[in-house]
Amino acid sequence: MVSQCLPETAGGSGEVTRADVLWADMFQLAIRCCTVPLVMLLTMAIAAAQDKGSVTPKPLPALANPTDPALAAKELFARKLSAAALPPQPIGFYAKGCLAGGEALPINGEHWQVMRLSRNRNWGHPDLIAMLKRLANVAHRDAGWPGLLIGDLSQPRGGPMLTGHASHQVGLDADIWLTPAPNYLLSRNEREEMSAVMMVRSDRLDIDPASWTPSHLPVIRAAARQPEVDRIFVNAAIKKALCREAKGDRSWLGKVRPMYGHDYHFHIRIKCPASATDCEAQVPPPPGEGCAAEDFAYWFSDSVLHPKPPKTPPPPRPPMTLSDLPPACRQVLQAP
Ligand SMILES: [Zn+2]
């Protein structure tokens, strides 16, 4: 795979955070790679994973005209506070779809705690929930972490979000903090206010040895080894560290893909479940470990590390509407 045109970007991982996104670069990449769905890049609502929440979030006001065809779909999905009572089904693509029959990850498990409860984004397909519960135990066993801190999964019915991710729409994506859970139960307030730890060195060419520990590799490796997992997104500096540190079986490294952002958390994406007929799969990652110098050339290039703002900022595009999503997403919104 040519390093200039990475599959995650070309395939639209939809996972980008404010800290590292540079529109100029994204557009260059879009042009180079041709296959980038421009509309997706343009409609990404970007929010840092570090955004804090509140223990008393204000309910969203009622919509004046919820049937307006020009209405942003994120406004509709953000107002659904419970799952659609339908058989579990991811519908559409990771960055353009919705979720039927979502299941909530309990906010506390033996080896995990859910963060930013005010966002109500601890919902996913049952396969994702089952994988996370299993992973939390393996990470505890292999890395000695008291537990995982779980960031955003999806909204109860998936779909686009008012803030943050372009992906996480079909209940098959989850963010895990690169900070171990403490050995006590976090308060509601701590879950809104606590910050994850920056893992990337200030020159962005490697991990920060002050924060990266030997226990990080076994956590990410455990995630990559789960059979449902399609790929893991991390900052390129983190991938570089994993390539350097992995001993023995390295076959899992291929699933770990460099991506913008992801300095504080890693992102797990699972495959479309075998039974999911309306789920659009992502092209498989290219073969190999992805640890060669050319695999990092793009990510460590000057234009990515020190991006320049575009001369003319791209015009804002209208957000995704309900008609941009798969038709079955209407039933997901209408379901009890
Ligand atoms: Zn994510």
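This section describes the confidence, the secondary structure and the packing of a predicted model.

Residues are numbered from 1 along each chain as its sequence is written. In this predicted model, local features need pLDDT of at least 70, side-chain atom pairs count only at pLDDT 80 or more, and totals for chains, interfaces and linings use all residues. The pLDDT is the predictor's confidence in each residue, from 0 to 100. Its mean over the protein chain is 88, and 85% of the residues reach 70 or more. Residues 1-7 stay under 50 in pLDDT, and the model has 15 contacts for them beyond four places in sequence; a contact requires that the C-beta atoms of two residues, placed from the backbone, lie within 7 Å. The pLDDT is also below 50 over residues 14-47, a stretch with 82 contacts in the model beyond near neighbours in sequence. Where pLDDT is low, the predicted coordinates should not be read in detail.

The protein chain contains eleven helices and eleven strands. These are DSSP runs numbered from the N terminus, with helices being H or I of at least four residues and strands being E of at least two. Of the 336 residues in the protein chain, 45% are buried. A residue counts as buried if 20 or more other C-beta atoms lie within 10 Å of its own, as exposed if 12 or fewer do, and as partly exposed in between, with C-beta atoms placed from the backbone. Among contacts in the protein chain with a separation of 6 or more, 79% are between residues 24 or more positions apart.

Strand β1 (residues 89-93) runs antiparallel to β2 and is joined to it by five bridges; two strands pair if DSSP finds at least two bridges between them. The hairpin from β1 to β2 passes through two residues, and Phe93 stands opposite Lys96 in β2. Five of the five residues of β2 (residues 96-100) are buried, so this strand is largely enclosed by the rest of the structure. Lys96, Cys98 and Ala100 point one way from β2, while Gly97 and Leu99 point the other way. In a regular strand the side chains alternate between the two faces of the sheet.

Helix α5 (residues 126-143) has 18 residues and reaches 25 Å from its first C-alpha to its last, close to the 26 Å expected at 1.5 Å a residue. The expected span is 1.5 Å times one less than the number of residues. Buried residues of α5 include Leu128, Met131, Leu135 and His140. Just after α5, Gly144 takes a positive phi of about 75°.

Five of the six residues of strand β9 (residues 229-234) are buried. With strand β11 (residues 265-270), β9 pairs in the antiparallel sense over four bridges, and Phe233 has His267 as its bridge partner in β11. With strand β10 (residues 256-258), β9 pairs in the parallel sense over three bridges, and the bridge partner of Ile232 in β10 is Val256. The chain crosses from β9 through helix α8 (residues 236-245) to β10 in a right-handed β-α-β crossover, meaning that, with the strands pointing away from the viewer, the path from the first strand over the helix to the second runs clockwise.

Seven of the ten residues of α8 are buried, so the helix is largely enclosed by the rest of the structure. The cover of its buried residues includes α7 (216-225), β9, β10 and α9 (293-297). In α7, the buried residues are His216, Val219, Ile220, Arg221, Ala222 and Ala223, and their cover includes α5, β9, α8, β10 and β11.
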